[in-house]
Every structure is written in C-alpha cells, then in structure tokens.
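Thank you all for making time this morning.

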Amino acid sequence: MHTNEKIATLRKAMETQGLAAYVVNTADAHQSEYVSDFFKERAWLTGFTGSAGTALVTQDKALVWTDGRYFIQAEQEIAGSDFELMKMATPGYPSVREWLLANLSSGDLVGMNEATLSQKAYEEMSAALDKKGIKLQPLPSLIAPLWQDRPALPSAAIFAHDLEYTGMTASEKIEKMRAKMAEDGADASFIVGLDDVAWLYNYRGGDVAHNPVSLAYALLTEKEAKLFIDLGKVDKNMQNIFHKEGIEVLDYKEAASALSHLKAKKIALDKGLISYQLFKSLPSSVEVLDQTSYVYLTKCCLNPTELACQKAAYKRDSAAITRFLFWLKREVKRQAIDELQAADQLHAWRSQGDKFLEESFGSISAYGPNAAMMHYAPSADHKAQLEAKSFYLIDSGGQYLDGTTDITRTIALGPLSAEEKTDFTLTLKSHIGLASAKFLEGTSGYYLDCLARQPLWQHYMDYKCGTGHGVGYVAGVHEGPQRFSKVYNPLPLQEGMHITIEPGVYKEGKHGIRLENDYVVSFDREFMGDRFLQLEVMSFVPLDRDAIDPSLLTTQEIAWLDQYHQQCYEVLIDQMTTDEERADLKKACAPLL
C-alpha cells in the first residue's frame, strides 16, 4: 500500500471516530527510544524510518515532525507522498501542539493510541487543547486494523546477567530501591522503563534490536517484588533464579489487573513512561508520586564492578575498530568496497571479540555527502561506493556481556580539500575543548555544552543535536539522565556517569564529520574546599592525523592529542595481530609534530 493510500484509509477510520486529527507518535507502551518492529506505526504510515518523529493527519493535511538529526533523511523518505516535513526546534515550524491549536476549532477531537500515549503527555496536551475547547481522545490504535502485514510481538528469551558483571544481586538492588521508597513515604513503586526493569532484576533480553531488553514491568512493595513479562520468555533456570531472589514472575498482561487491585496508599511512578491505558487502571484511592524512577537515577552511575567491566569492554572494542580503520585505509586503494561491505567487515571483527552479544545500534557507515545525514544507514538498495578521496564516517557500537560501547570516527580515504581539513580540525578542537574540561562538582552537562560548540561558533557553524549522551550498561546506547546539550538539564554530572562527546560538522551535499569518544565522570581533586571532577576517557581509537591541520591547533590541544594517542598505543599494541597493524598503530599514535 502506497503512503498516500495509507493516509486515505486512515482518514476514513478517523471519520468513523469523529476525529478532526489523529496523531501517531514513535513509542511502545514503555516510551522506549528504540522500539520493536511491532510498534513502528509512525514509520509504517509515513515511510520515514528514523527513530524519532511524530505524524499528524487531518482530512486535508499530512505532517511529520522530526529533529535535526533526521531532516535530510526524512525529506528523502517522504518524497513523493503527501506528507510534509516539520522541522522540530526550528524557527517558522510550530510544534505538534502549536499546530493543533492554530488549525483546529472548538469541539474538535484529536485521537491518539492510548497504549503508547504516556500519561504525562496526555495530561499536558489535554490541558493545552482544553483552553481552546479541543479534546484529546485516547483510544485503541487506528493503525492496527490497517496494518495487514504487521510484525509479531517480539518473543526472545531472557538470560541472567551474572554477578560478575552486575556487582550486586537483584535482591540487594531491590532493598536499595525500597530504602528510597521509604524516604518518600511510598509503599509501592511501579517501574516501566525496559532498561530499568532488566537492570533491577539482573537479566537481559532480545525484544528490541540492538537493545538487550524485554517487554516487562516491575512492581515493588514493602514485601513483594513482581515481574510482569511474557512467560514464554522465562525458562526454568530463570524462574529458579527469580525465585531465589524473591521475585514473583507474572504474565505481562496481568500488570493492569495488579495495579487495579493495588492496596498501597502511595505509589511512586513516572507519568512520562507509563501509558494512559495502564495508568487508568490505578484505584483513585492510591496517591501517585510522579517522579523519575528510583532505578533510573541509581543505575546512571556505574558501580565499581560495572565500571571495571565497561572499561574492559572498551579496550576490546577499540581494538576491533582500530584494526578495521587501518584495513579500510589500505584496502580502499586496492579493491571495490561499498558502505555496506565496510560496515559488515567491522561487524565481523567486533563479533570475534570476547563476550560479544550484538551491535548496540545499526552502524552509520557513510561516505562523502551521505555522512551529512547524522543517522544515515546504508542498505542493499542504497549504498555508496568508497573512493580513495574525501571522508568516510563510521558511527558504531557493540553490546557485550560486560558493557555497551559507542564510538564515531571520520577518516580520510585519500586527499582532502582545505575545507575538509579545516572542518575536521575544528571538530577535533570542539571535542578537545570539552574532553579536557575540569569542572566543579554540581555542574550539569547543560552548562558545559558550549565548551564543545565554541570552536565551531567562532566559524559560524553549529550541529543540530546534543553534544553527548549517557550510555546504558548492557542496555540502550542512549540512556540518561546525563547529557551534554543546549536543552536545559539541571541534573549535575556525578562520578561514575558514562557519557559521550561527539561534536560534528554536517554540510549537505558535501560531507559529514563526527568525532566521538566515551568518558566516565571521575574525581579530579579538591581545592580550597571545592571538589572538582573531570572526564576520563574509556575509548581508545586514534584520530586520523591525515585529516588534521596542525596550524589550527593550540599548543595545549596538541598536547592533549599526543597524550591521548600515547594512551591508545599502550592499550592497543598487544591487541594488534600483525606486524602491519603494529606499524600502522605506531605511525597513527606518534606525536603530531
């Protein structure tokens, strides 16, 4: 069915429901960033496959919103359809809510899928629309009856994440959460985030590509710990483990009934994650404490075991990427290689590593102009041939039993123009500007973000995304609450937080450059009664000296680069497998001048 046919069919369903507009978000019942194929209703309707976006259909309009990472990709994927691109956080483009208020009339109904609409979004949008007499109507999905070849719900089995990787038993984690509940006077806590539930109960799954999680909820009371999950995913061994840890396993669909019969006086939950459909199951007698999950705010700081494991994973991962980049710079001059073949080669090397599970996201393997699309991915039908000139960008990561990795390198495959070298070096300066920061304890990433942007701003350039994000532990590659971003975030950076730094330059039709390393927030020193923190690097892949214009770097920046390359050499030398690789590493890590 063509996109325009889907729009027409949806409009007929809207008429039946008396809807003036229907909004399709990008979410599952847990508000996950990445969702299983079953939940990709917006992608099915619009043809736009990016991980973030919202579609809106009326009887005469079809609009799709997305953020700056996907502007170029979305334009290409919706071309030829009636959908129009709405650029989020861009002057001249209203938000979804603003558009509804400006274009609908009093008495109009706006529909949304009650299973994927969060309670918080429902309350906020309802409050805004009500002022104009417009009503938000949650209802069963209108897409579901139209999507004839819809993928099945995921059914991957879960597996134990052992103590050697977690550092704490599930029962210990549960008691830690109960202590936090007691501090707030809550006698129950409902956990919705898939990564939170998996971390709390020390298991991992396979329901979402590249994210080792499973569709599940957790309910804690003062004496009980419940897991709601498809029972077919839990074998006898896992049942025994859960029983030993005091966890009762119930079917996923029983969560609504459990909430409706809850005897607690006060429950802590995150309205931003729980669906409208599930939230309405709660008895009116139960007081709701709306707050970020206790689990989410705890696991954002790696414990000593997790940190040691994460560092070990990065050392192995860095070796795979470094070997791949050395190979690519040589072989692009000898044989035909396209973007997909390059990504497959990296996957082959990474998958040979110890404790490897899967990639942590689909690799962004992009040559030349394709790299200007921040989340570009090659396919069998769309893949560029690499040439011995210009830039190649690879943004990739791995899921290992002992950690989650995410790193980006842009390399010169041959001669570069002056503009390309300048843009690469400015990106490097941006990275160093933040990576070398010392900052007062209590500082948030919001206040540090400009340290990375300043070198680019000086040349009137910017990148339309955050500078860095938190990374989960054997979980989602994007996991907060920590981040470097222009979007306000009051949460201070804390010791043990895993976070990326990834500034870039993106010029449509020319090239894209991104340089990403991963860091852990660590203690630096105490001075005059103040505690100062720093960013300790965990990923060790040389930065391509063939793309650097040394004249643009300060003495301090060159010193940072030389020190980083010395660290790379020490970490990687014993993991290089041939004399050729060892020679490449020595050259790549030599002092710049």
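This is a predicted model: local features need pLDDT of at least 70, side-chain atom pairs count only at pLDDT 80 or more; totals for chains, interfaces and linings use all residues.

Together with helix α3 (residues 71–78), β3 and β4 form a right-handed β-α-β unit, where right-handed means that, with the strands pointing away from the viewer, the path from the first strand over the helix to the second runs clockwise.

Residues are numbered from 1 along each chain as its sequence is written, and side-chain values use heavy atoms, with hydrogens and water left out.

Moving on to strand β5 (residues 109–113), four of its five residues are buried, buried being under 20% relative accessible area, exposed over 50% and partly exposed in between, with a 1.4 Å probe and protein chains only. β5 pairs in the parallel sense with strand β1 (residues 21–24) over three bridges, and there Y22 stands opposite G111. β5 is also joined by five bridges to strand β6 (residues 135–139), again in parallel, with V110 opposite L136. From β5 the chain passes through helix α5 (residues 119–130) to reach β6, in a right-handed β-α-β crossover.

Next comes an open sheet of six strands, with mixed pairing and the order β12-β11-β10-β8-β13-β14. β12 (248–250) and β14 (287–290) stand at its edges, each with a single partner strand, so one side of each has no neighbour in the sheet. From one strand to the next, the twist averages 20°; axes are lines fitted to C-alpha atoms, for helices over the stretch in contact, and angles run from 0 to 180 degrees between N-to-C directions. Helix α7 (residues 170–183) packs on this sheet, touching β8, β10 and β11 (225–229), and its direction makes about 60° with that of β10, contact meaning heavy atoms within 4.5 Å. Strand β8 (residues 188–191) and strand β10 (residues 216–221) are antiparallel, joined by four bridges, and I191 has A218 as its bridge partner in β10.

What about the interior? The largest nonpolar core has 53 residues, and those with the most contacts inside it are L428, F439, F484, L493, L535 and W560; such a core is a set of buried Ala, Val, Leu, Ile, Met, Phe, Trp, Tyr and Cys residues joined through side-chain atoms within 4.5 Å. Helix α17 (residues 555–572) gives the largest share of this core, seven residues. Apart from it lies another core, of 27 residues, including A218 and F242.

Finally, how many disulfides does a search of the whole structure find? It finds zero, a disulfide being a pair of cysteine sulfur atoms within 2.5 Å. The sulfur of C589, for instance, is 5.2 Å from the closest cysteine sulfur, in C568, which is too far for a bond, and C589 is buried at a relative accessible area of 8%.

Note on methods
Helices (H or I, at least four residues) and strands (E, at least two) are DSSP runs, numbered from the N terminus. Two strands pair if DSSP finds at least two bridges between them.
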